[in-house]
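Trainee: Could you walk me through this one while I have the files open? I'd like to take it piece by piece.

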Amino acid sequence: MAEPVLETQHLTMRFGGVVAVDNVTFTLRRGELRCLIGPNGAGKSTFFKCLTGLLTPSEGHVLMQGEETTGWAPHRVAALGVGIKTQVPNVMDGLSVQENIWLAARRFLPSTQADAKTREVIERLALGQIARTALGRLAHGERQQVELGFVAASDPWLVLLDEPAAGMTAGEVARMSEVIHELNRTAAVVIVEHDMQFIRSIASRVTVFHQGAILIEDDVETVMSDPHVRNIYLGKKA
Ligand SMILES: Nc1ncnc2c1ncn2[C@@H]1O[C@H](COP(=O)(O)OP(=O)(O)OP(=O)(O)O)[C@@H](O)[C@H]1O
């Protein structure tokens with residue numbers, strides 16, 4: 001079995017009397033692609049924010065490649081080699097996709113290597129057709145793909161994505177799924193997501209949150225057919 005790249009141990013987050021994340025012990029291994037799902041208020045976003053450093057957990061631990069990162073600020077987590085899509089670096093709507101990806105690469109690399117990295121990211125994520133388009137002129141779905149390009153420019157070994165398919169058309173969702181699979185060739189990936197069509201197209205292992213805890217963790221088809229899961233969550237949406 002591959003080694004863990006991300007772990008939480010007994011992670012708990014309270015807001016006053018509300019226990020948003022309740023004693024969650026979670027493991028993600030090298031090469032994995034994992035979707036976190038669950039009904040509204042299940043604790044997914046709070047759990048995610050404890051991973052990225054936006055929130056400091058009330059109790060418990062976060063470990064990345066075995067190193068304790070509990071309570072680290074987001075920029076420090078990112079500097080470990082973790083790509084977080086919600087953190088978009090100095091995006092400029094008037095500059096092209098290519099120029100913006102170069103700026104993202106330049107944060108980590110000398111300028112000569114940033115040129116090569118930019119070409120590599122455009123090729124990997126198949127962004128060639130929009131490479132010269134100004135970022136501000138892109139459709140919503142294209143822009144989301146480009147934002148994954150910014151993440152890829154830092155060569156992360158772990159990628160954390162919060163609702164990457166939100167507000168997308170069916171075609172955009174399918175394309176986003178391809179882009180994420182490409183990122184997953186070189187990084188373990190965690191995705192918090194609501195869109196069931198997207199989760200099915202990703203076809204990964206799924207962790208279901210319910211009332212702050214992990215209800216079940218299995219492959220997508222097993223999870224979708226679990227009566228308890230259907231009852232609490234999927235009944236209306238699957
Ligand atoms: N900053 C906060 N202050 C107080 N309560 C909060 C805060 N953030 C989240 N909560 C509460 O914690 C619980 C978990 O919320 P969270 O947003 O993590 O759930 P979620 O699964 O991401 O839901 P959604 O799918 O609606 O985003 C909810 O009861 C929510 O009201």
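Trainee: What is the handedness of the crossing of H3 and H4?

Mentor: The crossing of H3 and H4 is right-handed, and please keep in mind throughout that this is a predicted model. The two axes, that of helix H3 (residues 97–106) and that of helix H4 (residues 111–124), come within 8 Å and cross at roughly 125 degrees.

Trainee: Switching to sheets, what's the strand order in the six-stranded one?

Mentor: Six strands form an open sheet with mixed pairing, in the order S6-S7-S8-S3-S9-S10. Its edge strands are strand S6 (82–84) and strand S10 (213–219), each of which pairs on one side only. Direction ignored, neighbouring strands of this sheet are turned by 15 degrees against each other on average.

Trainee: Which helix packs on it?

Mentor: H1 packs on this sheet, where it touches S3, S6, strand S7 (158–162), S8 and strand S9 (205–210), and the direction of H1 makes about 145 degrees with that of S7. Within the sheet, strand S3 (residues 33–37) and strand S8 (residues 188–192) run parallel and are joined by four bridges, with Leu36 standing opposite Val192 in S8.

Trainee: What about the sheet of four strands, which order does that have?

Mentor: That open sheet has the order S2-S1-S4-S5, and its pairing is antiparallel. The edge strands there are S2 and strand S5 (67–68), each pairing on one side only. H1 packs on this sheet too, touching S1, S2 and strand S4 (59–64), with its direction making about 60 degrees with that of S2.

Trainee: How many bridges join S1 to S2?

Mentor: Eight bridges join strand S1 (residues 4–15) to S2, and the two run antiparallel. Across that pairing, Met13 stands opposite Val21 in S2 and Leu11 stands opposite Val24 in S2. The hairpin of S1 and S2 has two residues between the strands, and in it Gly16 takes a positive phi near 60 degrees.

Trainee: Last topic, the ligand: what surrounds it?

Mentor: The ligand is surrounded by Phe15, Val18, Ala20, Gly38, Asn40, Gly41, Ala42, Gly43, Lys44, Ser45, Thr46 and Phe209. Strand S2 (18–29) and helix H1 (44–52) are the elements that give two or more residues to this shell, and the largest share, three residues, comes from H1.

Trainee: How does the shell divide by class, and how many are charged?

Mentor: By class, the shell around the ligand has five nonpolar, six polar and one charged residues.

Note on methods: Residues are numbered from 1 along each chain as its sequence is written. This is a predicted model: local features need pLDDT of at least 70, side-chain atom pairs count only at pLDDT 80 or more; totals for chains, interfaces and linings use all residues. A residue is near a molecule or strand if its C-beta atom, placed from the backbone, lies within 6 Å of it. Ala, Val, Leu, Ile, Met, Phe, Trp, Tyr, Cys and Pro count as nonpolar, Asp, Glu, Lys and Arg as charged, and the others, Gly among them, as polar. Two strands pair if DSSP finds at least two bridges between them. Axes are lines fitted to C-alpha atoms, for helices over the stretch in contact, and angles run from 0 to 180 degrees between N-to-C directions. Two residues are in contact if their C-beta atoms, placed from the backbone, lie within 7 Å. A crossing is left-handed if the near helix is turned anticlockwise from the far one by less than a right angle, and right-handed if clockwise.
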